[in-house]
Amino acid sequence: MAGLGDMDGYEGTAAVEVGGSRFDVQVRLRGHFQPIDGRYHWHGRLSAHEGLDGVLGSGKAAGVLTTAEGSAPCELSEPDPSRRYRVTGISTPPFRTAGAAAGPAAAGPGTAGPGTAGLAAASPAAAGPGTVGPGTAGLAAAGRATAGQDAAGPGTGRQDSPGPAAPAPLPGHVRVAIIGAGLGGIGAGIRLRGAGVTDFVILERAGSVGGTWRDNTYPGCACDIPSHLYSFSFAPNPDWSHSFSRQPEIWRYLEDVTDRYSLRRHLVFGTELNRADWAAGEARWRLQTSRGELTADVLICAAGPLSEPSLPDVPGLADFSGAVFHSARWNHDFDLARKRVAVVGTGASSIQIVPEIQPVVHRLMLFQRTPAWVVPRRDRAISEFEKRLYRQVPTVQRLARLGIYASRESLVGGFTKRPAILKAAQGMALRNLARSIRDPGLRAKLTPDYIMGCKRILISSDFYPALCEPNVQVVASGLANVDGNTLTAKDGTSCEADAIILATGFHAVDAPIADRIYRADGMSLAQSWAGDMRALRGTTIAGFPNLCMVIGPNTGLGHNSMIYMIESQLNYIVDYLDTLDRTGAAAMDTRPGAQQRWCDDIERRMASTVWTTGGCVSWYLNAAGRNPTLWPGSTIGFRRATRHVDPAEYELIPQRRGTGR
Ligand SMILES: Cc1cc2nc3c(=O)[nH]c(=O)nc-3n(C[C@H](O)[C@H](O)[C@H](O)COP(=O)(O)OP(=O)(O)OC[C@H]3O[C@@H](n4cnc5c(N)ncnc54)[C@H](O)[C@@H]3O)c2cc1C
């Protein structure tokens with residue numbers, strides 16, 4: 001970047017593609033990371049260009065801007081009197097930013113460790129995850145958090161790193177391109193190497209691996225499936241510190257696994273997939289990324305079911321006078337100590353955040369639309385003796401894992417067939433509530449009126465105690481309006497706040513990545529789904545040959561580890577590649593009839609589940625009230641269904657002459 005001082009930005013030559021034409025222009029760009037949506041917002045002006053005038057006139061248009069440093073989708077509008085168009089984008093910017101890679105990377109995870117009341121900014125470079133240990137009350141602001149995990153990385157080993165290494169160059173063509181370096185993308189890479197496939201890249205928009213476990217750095221963030229189960233079956237970790245390990249440790253585990261399985265050479269960081277087009281003539285995917293183009297025979301989409309924060313549409317929120325950020329884009333620069341803090345939402349993230357911040361804030365207002373069923377979290381530190389035993393006799397750890405898996409799986413009938421089975425657990429949750437909350441008014445607010453399991457069951461032993469503290473107010477109504485620093489709930493309750501934490505979940509049923517994947521006739525996956533995600537065996541989609549999704553439609557769980565489902569899908573994907581090789585086909589396209597039969601069966605089974613019959617509205621359901629997210633069966637059933645590809649479910653697309661691989 002030249003000539004813009006210490007601001008993030010770019011000044012120089014660029015090319016803009018709009019309306020099928022490409023124009024060489026000069027551009028001056030600036031931008032900043034916006035914690036409210038965890039995205040990079042950038043803008044600037046293009047030099048005047050007659051060709052652009054001809055295409056645009058005074059109208060607006062979408063295009064793609066490419067600078068010497070990258071490319072990104074943009075919008076062109078508002079020509080000034082000299083006919084210089086304004087260019088704006090909300091994405092990984094087409095220029096390097098001061099804080100490593102843009103996007104979620106810039107949010108700065110890694111600053112506060114588990115159990116940390118570390119609600120202010122410790123520089124991540126000085127305190128990566130694992131540096132600030134559980135129970136640390138690090139309240140002081142220290143330095144800038146925007147360098148993010150990319151500079152620090154999980155664990156103390158890379159604390160002094162000056163920043164991310166330059167991203168690896170993009171290859172022109174690969175056999176397989178994997179999008180995303182979370183558990184799904186890393187797992188896919190490991191399985192591909194295991195199957196002898198080495199011609200692949202993992203494109204990751206952030207600056208490090210980790211996905212969920214890199215981006216969610218809020219105080220108290222931990223898994224809610226025990227760690228011995230919430231880890232890859234082929235990469236057990238005997239050193240988990242707790243039964244429910246905290247985010248820094250899980251993130252560190254993913255970094256370790258990446259090294260252990262030699263994945264670094266395949267990883268390309270700071271590279272966001274902007275658009276993927278199936279080129280039918282060549283039988284391959286054409287990928288446009290923030291750093292250039294490449295092609296791939298097969299596209300594995302592991303962009304994450306919960307990677308795009310969902311922000312509530314509350315009037316006045318954008319003009320709130322204090323700090324506002326999403327739980328998955330924690331603002332470590334903002335010191336919550338002695339502030340009036342509103343937390344919006346009472347889901348899985350909120351109940352981990354509230355007990356952590358309650359002791360340090362002046363006042364905490366919790367906006368709750370619907371109360372959750374909460375059961376105690378039986379967490380404990382794992383002793384040194386146990387860790388040694390797991391290291392020396394791995395079978396013991398495998399048995400421990402199997403025990404956890406079996407006890408979780410024993411609940412599946414309650415979720416999918418006879419919700420009455422969950423009544424016993426519901427009784428336990430009610431007793432937990434009665435024991436923990438003495439005030440009948442508060443207890444009434446916190447008592448769910450739907451069957452347990454209908455929404456995600458939450459586990460916590462310190463959420464209810466935190467709500468009983470005098471500085472906490474539970475507003476049993478959703479946030480309706482923000483005016484200056486005054487927040488008003490739907491029931492009229494109002495209060496003032498210095499900060500709003502949006503623990504409002506993710507775009508789970510509308511998979512934003514689907515807007516970026518196009519079939520041969522130009523229809524996007526989002527258009528093809530029309531708000532209702534569907535796939536064959538949760539993985540492949542009719543009309544989109546050689547596209548495999550990890551955690552695709554109807555693969556989520558309410559009761560067990562998602563890693564089990566990911567590993568099942570990876571079996572299927574490896575067999576998919578093997579089937580291509582065996583048959584000599586260039587590509588396989590899912591037969592619509594096969595996909596329909598699979599979805600009909602899901603639909604039939606979904607009818608008896610607690611998610612359909614439990615009397616609640618949850619994030620599992622789409623606007624039409626259908627559940628496109630969860631798997632309505634046992635995980636063993638899904639494992640069986642994804643063991644092998646049935647070629648009869650696919651149309652094989654032959655190699656074209658001259659395009660052999
Ligand atoms: C706070 C939290 C706690 C959770 N706890 C549990 C738990 O205890 N047990 C459980 O089973 N599940 C849990 N989950 C669900 C969890 O998301 C999954 O278990 C798992 O981590 C998903 O992995 P993934 O790789 O599919 O997605 P992610 O981890 O979300 O990774 C997706 C990656 O894709 C990248 N990406 C996205 N779009 C693009 C693009 N266009 N170009 C390039 N890169 C892109 C993202 O940056 C990200 O790195 C939890 C989720 C959250 C949010």
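Which residue of β22 is the bridge partner of His326? In the predicted model described here, local features need pLDDT of at least 70 and side-chain atom pairs count only at pLDDT 80 or more, whereas totals for chains, interfaces and linings use all residues. Residues are numbered from 1 along each chain as its sequence is written.

The chain contains 17 helices and 26 strands, where helices (H or I, at least four residues) and strands (E, at least two) are DSSP runs numbered from the N terminus. Of its 661 residues, 52% count as buried, a residue being buried if 20 or more other C-beta atoms, placed from the backbone, lie within 10 Å of its own, exposed if 12 or fewer do, and partly exposed in between.

Strands of a sheet pair through backbone hydrogen bonds, either parallel or antiparallel. Five strands of this model form an open sheet with parallel pairing, in the order β13-β22-β14-β15-β18, and two strands are said to pair if DSSP finds at least two bridges between them. Because β13 (323-326) and β18 (472-475) stand at the edges, each with a single partner strand, one side of each is left without a neighbour in the sheet. From one strand to the next, the twist averages 15°. The parallel pairing of β13 with β22 (residues 499-502) extends over four bridges, and the residue of β22 that is the bridge partner of His326 is Leu502. Helix α6 (residues 350-357) packs on the sheet, where it touches β14 (340-344), β15 (363-367) and β22, and its direction makes about 165° with that of β14; for such angles, which run from 0 to 180 degrees between N-to-C directions, axes are lines fitted to C-alpha atoms, for helices over the stretch in contact.

Two residues are in contact if their C-beta atoms, placed from the backbone, lie within 7 Å. Among contacts in the chain between residues at least 6 apart in sequence, 71% join residues at least 24 apart. Gly453, in the loop between α11 (440-446) and β17 (458-459), is buried, with 24 other C-beta atoms within 10 Å. Beyond its neighbours within four places in sequence, Gly453 is in contact with residues including Gly414, Phe415, Gly558 and Val610. The C-alpha atoms of Gly453 and Gly414 are 8.3 Å apart in space, although the two residues are 39 residues apart in sequence.
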